[in-house]
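Colleague: Please take a close look at one part of this model for me, the helix packing. I'd like one connected account, with the terms spelled out.

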Amino acid sequence: EMRRQFMTHFQQINENFKAVFSDLFNGGTAEILLRDEEDILSSNIDIRAQPPGKRLQSLSLLSGGERCLTAIALLFAILQLKPSPFCVLDEVEAALDDVNVTRFTDFVRRYTAESQFILVTHRKGTMEACDRMYGVTMQERGISKILSMRLGDQ
């Protein structure tokens, strides 16, 4: 039963991953593969990705930004299988350039109807895309103060 459930979910995540990867990269292909299909419960999982205009290669050969977007695509592929009421993402977009930060924030915004996202970030582009922003300041040594700001479309 575990093998059956694993394979069912693995195949669904793979299909989701292909779609999310293509959406995030504006093209390209990606897939996850089991290294040992005889022992699926102990097998390693390989990630293959082909961003638009590049040849198919393993994750280790991609640039830092491409690896980051690929990991984000896999995360969202899993979230599509079992949506969570909220998700905390801690600087997942740190390796992205400004264009890809915008692509990432637009992508996250599409999922806000199903899940609430808490993004820990230092990236200006990510902060600009948020509905609310929280910060911590220490005006006096040892005394922290939490600040909040609601951002609107104005």
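Modeller: The contact (heavy atoms within 4.5 Å) takes in His9, Gln12, Ile13, Asn16, Phe17, Val20, Phe21, Leu24 and Phe25 from H1. H2 brings Glu66, Leu69, Thr70, Ile72, Ala73, Leu74, Phe76, Ala77, Ile78, Gln80 and Leu81. By class, these residues are 14 nonpolar, 5 polar and 1 charged.

This is a predicted model, where local features need pLDDT of at least 70 and side-chain atom pairs count only at pLDDT 80 or more, while totals for chains, interfaces and linings use all residues. Numbering runs from 1 along each chain, and side-chain values use heavy atoms, without hydrogens or water.

H1 spans residues 2-25 and H2 residues 64-81. Helices are DSSP runs (H or I) of at least four residues, strands (E) of at least two. The two helix axes lie 8 Å apart, at an angle of about 130°. That angle makes H1 oblique to H2.

Three strands form an open, antiparallel sheet in the order S1-S2-S3. S1 pairs with S2 (residues 45-50) over 6 bridges; pairing takes at least two. Ala30 has Ala49 of S2 as its bridge partner. H1 packs on this sheet and touches S1 and S2. Its direction makes about 160° with that of S1.

Key
Axes are lines fitted to C-alpha atoms, for helices over the stretch in contact, and angles run from 0 to 180 degrees between N-to-C directions. Angles under 35 degrees count as roughly parallel, over 145 as roughly antiparallel, 65 to 115 as roughly perpendicular and the rest as oblique. Ala, Val, Leu, Ile, Met, Phe, Trp, Tyr, Cys and Pro count as nonpolar, Asp, Glu, Lys and Arg as charged, and the others, Gly among them, as polar.
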